[in-house]
Amino acid sequence: MTKTAESVWENCLLFIKDNIQDQAYKTWFEPIKSVELTDNALYIQVPSKFFYEWLEEHYVKLLKVALTKELGKSAKLLYKIKMENTYGNKQPFTEQLPSAHRSPVKPQEVDVPLHNKNPELKNPFIIPGIRNVKIESQLNANYSFDNFLEGDSNRLARSAGMAVANKPGGTSFNPLLIFGGVGLGKTHLAHAIGVEIKDKYPDKTVLYISAEIFTQQYIESVKRNTRNDFIHFYQLIDVLIIDDVQFLSGKAGTQDVFFHIFNYLHQNGKQVILTSDKAPVDMQDIEQRLLSRFKWGLSAELHQPDYETRISILKNILYRDGVEIPDEIIEYVARNIKSNVRELEGAIISLIAQSSFNKKEVTIDLAKQVVEKFVKNVKREISIDYIQKVVSDYFQLDVDTLQSKTRKRHVVQARQLAMFFAKKFTKSSLANIGSQIGDRDHATVLHACKTVDNLVSTDKQFKKFVDDIHKKLSL
C-alpha cells in the first residue's frame, strides 16, 4: 500500500496518543493537519508560530520517534505555519520551517562526595549551598552537527569532532584542539560535539566555558580562598570544553590551575576539547608543560570555506529560516564574501531583513547593495602576528630579524612600527605586545609608541612609512 501524508500522520498520531495525556493531545495534536509527503519528508500545517515553537520545545523527541517508526532514520519533519496576511490581502499565507529534531540541553545533576572539610562544594556558576550540584552545560542546542556543513576546509576537524562525540575520552584525540581564524566555526563545532555527547550519553557531565570566564572564576576563588573547591568542581566534569584557550596567555596562576585540572581529567579518561585562534606552536606566553599537553591529542585546523561550501552554508541558512531566494543571488553572495562563515551568515541575514522590512523583492541589485555595504563595514580582526608580517614585508625583512636583538637602525624602526600598530589595532596589553614582538617589556613598547609619534611629526620619509603600512593594515 502506498504511503500518503494522511496515512503516515494518522499512524504517528496513534503512537503519540499512547504516550501523552489526553488533554495535551487534544490541545497540541488534534489541530495539526498533514499536508504533503515527499520522499522521506512529511509536511504538517500548524495554526501559528507559537504552536510551532511549543511543539519544538516540548514534543520534538516524541515527534522524531513517531516519524522514524513510519519513514525510517532519514525522516524529516517540516512545518507549514498558517499566517494571517497583514498587508491588506485577506487570504492567509503560509510560512515553512524545518524541525530542529532537537530539544534544549538539560542541566546535569552531580552528587558530590563529602569527605572534604567543607561539605558544600562551590559551583562557580551558581550561588553555593547545596550538596547536589546542578551543572548547567552552557551548551547551545542550535549549534549542532546537522547545521555544521562539511567541506574541504573543515573535514578533518568535523570528523575528529564526530569521533570524540561517539566515544568521549576513548579516542586518541584527547585533547582535541580546534584552531583557525575568526568566524570559521570553532565555537559552533565545540558546541556541536558537546550537544552530540549529551544526546548519546545523557549521564555524562558536559561543560562549555570560555577561557576568559574560567580565568575570572579562578581569580574569584583565590580572593575567597576557595581554590581547592574550584579545582574539585572542575574535576567532576566528564567533558570539558574550553573556548579561546589563547586567552590564558600570560596568566601564570590560571595556567597552573588549568594544568592540574587537565592532568586529572586526562588521567581519568575524561575528554578535553579546546579551541584557539592559533596553532599551539604559535601560542605566546603559554607554559611549555601546558603546550606539550595541547599537542598530546589532535590539533585540527579550520580553513576558509571554499565556494561550494559557502553555497551549501547559504542554502542551509535559508532552508532553516524558511526563505527562498533565486540561485543566482545565492551564488553572487558566495562569490563576494569569502573570508569566513560569520560574515557570510551576516550578509544573507541582512539581505533577508532588507527585503522583509522594506517590502522589496530580493533582486541581484539589492544583493549588490547589501554585500557592498556589508563588505565595506566589516573590519578584519588584526592580530599582532599579522602586523609583524606586514611590517616585515614592507621593509623586506623576515619576522625573525624583526624580533631579534639587533640594533641596526632600519630594524629598530621596523620593530617600533610593529609595536605602534599593535597598540593601535589590537586590544592587547603593552606587556603582551612586547612579549610577542621579540620578548620585550611594556616599557620598551611605550617608548616605541612615543618615538613613532615624534618621528611622524618631524620626519617626512618616516611619516610615509606609517601611512603606507596603515593603508595595508586597513585594506
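Lys186 is buried, with a relative accessible area of 9%; here buried means under 20% relative accessible area, exposed means over 50%, and partly exposed lies in between, using a 1.4 Å probe and protein chains only. Before going further, please note that this is a predicted model, in which local features need pLDDT of at least 70, side-chain atom pairs count only at pLDDT 80 or more, and totals for chains, interfaces and linings use all residues. Residues are numbered from 1 along each chain as its sequence is written, and side-chain values use heavy atoms, with hydrogens and water left out.

Lys186 sits in helix H6 (residues 186–200); helices (H or I, at least four residues) and strands (E, at least two) are DSSP runs, numbered from the N terminus. The side chain of Lys186 reaches the backbone oxygen of Gly180 at 3.0 Å. That is a polar contact, meaning a pair of N or O atoms within 3.5 Å; within protein, one must be able to donate a hydrogen and the other to accept it, and residues adjacent in sequence count only if both atoms are side-chain atoms. Leaving out residues up to four places away in sequence, Lys186 touches Ile178, Phe179, Gly180, Gly181, Thr275, Ser276, Asp277 and Leu302, where contact means heavy atoms within 4.5 Å.

## What the record lists

An unreviewed UniProt entry lists Gly183, Gly185, Lys186 and Thr187 under "binding site". UniProt positions are given in the numbering used here, feature names are shortened, and annotations may be inferred rather than shown by experiment.

Thr187 also lies in helix H6, and at 27% relative accessibility Thr187 counts as partly exposed. Setting aside residues up to four places away in sequence, Thr187 touches Tyr208 and Asp243.

Asp243 leads us to strand E9 (residues 239–243), where five of the five residues are buried, so the strand is largely enclosed by the rest of the structure. Both faces are covered: Val239, Ile241 and Asp243 are buried on one side, and Leu240 and Ile242 on the other.

E9 pairs in the parallel sense with strand E8 (residues 206–210) over five bridges; two strands pair if DSSP finds at least two bridges between them. Tyr208 has Ile241 as its bridge partner in E9. Strand E10 (residues 271–276) also runs parallel to E9, and four bridges join the two. Here Leu240 has Val272 as its bridge partner in E10. The chain gets from E9 to E10 through helix H9 (residues 252–267), in a right-handed β-α-β crossover. Right-handed means that, with the strands pointing away from the viewer, the path from the first strand over the helix to the second runs clockwise.

## Ser276 in strand E10

Ser276 belongs to strand E10 and counts as buried, at 0% relative accessibility. Leaving aside neighbours within four places in sequence, Ser276 is in contact with Leu177, Ile178, Phe179, Gly180, Lys186, Val245, Gln246 and Met283. Ser276 and Glu301 are 25 residues apart in sequence and 9.6 Å apart in space, C-alpha to C-alpha.

## Arg158 in helix H5

Arg158 is found in helix H5 (residues 155–166), and its 15% relative accessibility makes it buried. Its side chain reaches the backbone oxygen of Phe148 at 2.7 Å. Phe148 is also among the residues that Arg158 touches, together with Phe145, Leu149, Glu150 and Leu189, not counting residues up to four places away in sequence.

## Backbone details

A cis peptide bond joins Asn174 and Pro175, with omega at about 5°. Pro175 lies in the loop between H5 and strand E7 (176–180).

Some residues have positive phi values. Gln138, which is not a glycine, has phi near 65°; it is found in the loop between strand E6 (132–135) and H5 and is partly exposed at 33% relative accessibility. Asp439, also not a glycine, has a positive phi of about 60°. Asp439 is in the loop between H18 and helix H19 (442–458), and at 60% relative accessibility it counts as exposed.

## Helix H15 and the whole chain

In helix H15 (residues 384–394), the buried residues include Ile384, Ile387, Gln388 and Val390. The buried residues of H15 pack against helices H16 (399–403), H17 (409–425), H18 (430–436) and H20 (460–474). Just after H15, Gln396 takes a positive phi of about 55°.

Overall, the protein chain has 20 helices and eleven strands, and 47% of its 475 residues count as buried. Among contacts between residues at least 6 apart in sequence, 70% join residues at least 24 apart.
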